[in-house]
Amino acid sequence: MLFAQSATEDQQILITSDAFHRGDFATAKKGYLQLYKETHNIIYAKEAAISAASLGDINTAVELAMLYKKVTKNNKDLSINKILVDGYIKTGQIKKAIILLERIRKEDKSLMLDSVLGALYIGEKQYTKAFDILSKLYNQVHDEDTLEKLITLYFIQNSQQEAADLIVSHLEKYGCSPGLCQKSFNTLVQMNQLAKAKEVFGVLYHKNPIVQNAQLYIEVLVMLKEFNKAEKIAKNFPFNRRLLLDLYTAQKNFALASKQAGLLYKEHRDPKFLALEAVYTYEHLTAHKKLSRADMLPITHKLERAIAERREQIRLHKGRLDVQDAFFYNFLGYSLIESGLNIRKGINYVKVALQIEPKSIFYIDSLAWGYFKLGNCALAKKLFLGISKEDIAAQPELKAHAQAIAECQ
């Protein structure tokens, strides 16, 4: 009979141990708990605690770990102490976690423990201890997690230059994951370290000319107004037409901006790009001559088509007009008014823009100018009362319109 019981226990151990090594921690926890219940062997409680911790069931793991310590009087078991540290951290008992981790570290020189302890020191504002342990860890492994903790420490201590230097040094020597690249870019820009950002992202781009490296490098070049260099890089990535569009508009190269907007419309069938194509065509032509009614006709027709397609898009997807739509409605409305192609129709378009942005002084000006063109001086004057004298004085076109409307009889 005793032999049969032993055989059954051995069989359970084999099944449970196999489950643990296969990563089936739920089955392993259940098996070890059953073994402990049947045999009262505290070793099984320890194994159940480790299985529960591996499963993420910290409450059960801590309960079993405390039981193991109480029965064995063993305060030095590393596995049990690590479980207790997790429990302390989860319940916010950070000081207890630190004390226990410091004790564990004397026997276990695991780099992971240093990372956890460094983070706990930061949380408890023990910055000197945190910097000491994390800087030693970083010099050993040069990993991104430790780097970010050190950057955090530098910021806490208001040592921004040291933070910038460390970021640049790490990126040049070890590169960066997409997440760290973006965070590093944001940090350097936030600190106004544009020259350093240009240098390091230039190095990354030339070492590894992938889309993200190119985009970050281009972004900093645009911030530094080095548009030509940014454009040359962007042309190596023709699929990113939106980036080229932004670059052309930043340089006021409206001919190429119009072309890119047209290509984007063909690729994505987004009516906003069709509208932008019309707007940039207008900007390009007005830079060279005064536009006639004949010049304005294809521009206004394209805008009307874009607005009609946008209305259908909104109907299908149950969306709503936004501020960019308001810009297009006003642009079309004012174009129809100013060119005399259809003043009343233009007024109706401007009214839609004002429904979206009722306080826009430019849209109020467009509407007032429409009524002025119709000869409704009283309404034009009344509308202009909604624009402050300071705003009128600051905008030459508004100033000219205000004077004309004031003289209107």
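This is a predicted model: local features need pLDDT of at least 70, side-chain atom pairs count only at pLDDT 80 or more; totals for chains, interfaces and linings use all residues.

**The cross-links and their setting**

Mentor: Of the contacts in the protein between residues at least 6 apart in sequence, 48% join residues at least 24 apart. The protein has 24 helices and zero strands. Its radius of gyration is 34 Å, whereas a compact globule of 409 residues would have a value near 22 Å. Buried residues account for 43% of the 409 residues. The accessible surface is about 22,600 Å², and carbon and sulfur atoms hold 54% of that surface. As for charge, there are 56 positive and 45 negative groups, whose mean positions lie 5 Å apart.

Now the part you asked for. A disulfide is a covalent bond between the sulfur atoms of two cysteines. The distance rule finds two disulfides here. Counting the bonded cysteines along the chain, the pattern is 1-2, 3-4.

One of the two joins Cys-176 to Cys-181, with 1.8 Å between the sulfur atoms. The torsion about its S-S bond is about 75°, so this disulfide is right-handed. Cys-181 is buried because its relative accessibility is 2%, while the cut-off for burial is under 20%.

The other joins Cys-377 and Cys-408, with an S to S distance of 1.6 Å. Its torsion about the S-S bond is -40°, which makes the link left-handed. Cys-377 is in helix 22 (residues 377-384) and Cys-408 is in the segment that follows helix 24 (396-406), so the bond ties together parts of the chain that are 31 residues apart in sequence. Both ends are covered: Cys-377 counts as buried because its relative accessibility is 8%, and Cys-408 counts as buried because its relative accessible area is 10%.

Ser-51 belongs to helix 3 (residues 42-55), and it counts as buried because its relative accessibility is 0%. Apart from neighbours within four places in sequence, Ser-51 touches Phe-20, Phe-25, Ala-28, Lys-29 and Tyr-32.

Tyr-205 sits in helix 12 (residues 194-207) and is buried, with a relative accessible area of 7%. Gln-215 is 10 residues away from Tyr-205 along the chain, and their C-alpha atoms are separated by 9.0 Å. With sequence neighbours within four places left aside, the contacts of Tyr-205 are Asn-213, Ala-214, Tyr-217, Ile-233, Asn-236 and Phe-237.

Tyr-265 is in helix 16 (residues 254-268). At 4% relative accessibility, Tyr-265 counts as buried. Beyond its neighbours within four places, Tyr-265 is in contact with Asp-270, Pro-271, Phe-273, Leu-274, Arg-305 and Glu-309.

Lys-125 lies in the loop between helix 7 (111-123) and helix 8 (127-141), and its phi is near 60°, a positive value in a residue other than glycine. Lys-125 counts as exposed because its relative accessibility is 63%. Lys-252 is placed in the loop between helix 15 (241-250) and helix 16. Lys-252 likewise has a positive phi, about 60°, although it is not a glycine. With 62% relative accessibility, Lys-252 counts as exposed.

To return to the cross-links: the right-handed one is that of Cys-176 and Cys-181, and the left-handed one is that of Cys-377 and Cys-408.

Definitions and conventions: Residues are numbered from 1 along each chain as its sequence is written. Side-chain values use heavy atoms; hydrogens and water are left out. Helices (H or I, at least four residues) and strands (E, at least two) are DSSP runs, numbered from the N terminus. The radius of gyration is taken over C-alpha atoms; the globule rule is 2.2 Å times the number of residues to the power 0.38. Buried means under 20% relative accessible area, exposed over 50%, partly exposed in between (1.4 Å probe, protein chains only). Contact means heavy atoms within 4.5 Å. Accessible areas come from the Shrake-Rupley method with a 1.4 Å probe; for residues, only the protein chains shown count as cover. Lys and Arg count as positive and Asp and Glu as negative; His and the chain ends are not counted. The place of a charge is taken as NZ of Lys, CZ of Arg, CG of Asp or CD of Glu. A disulfide is a pair of cysteine sulfur atoms within 2.5 Å.
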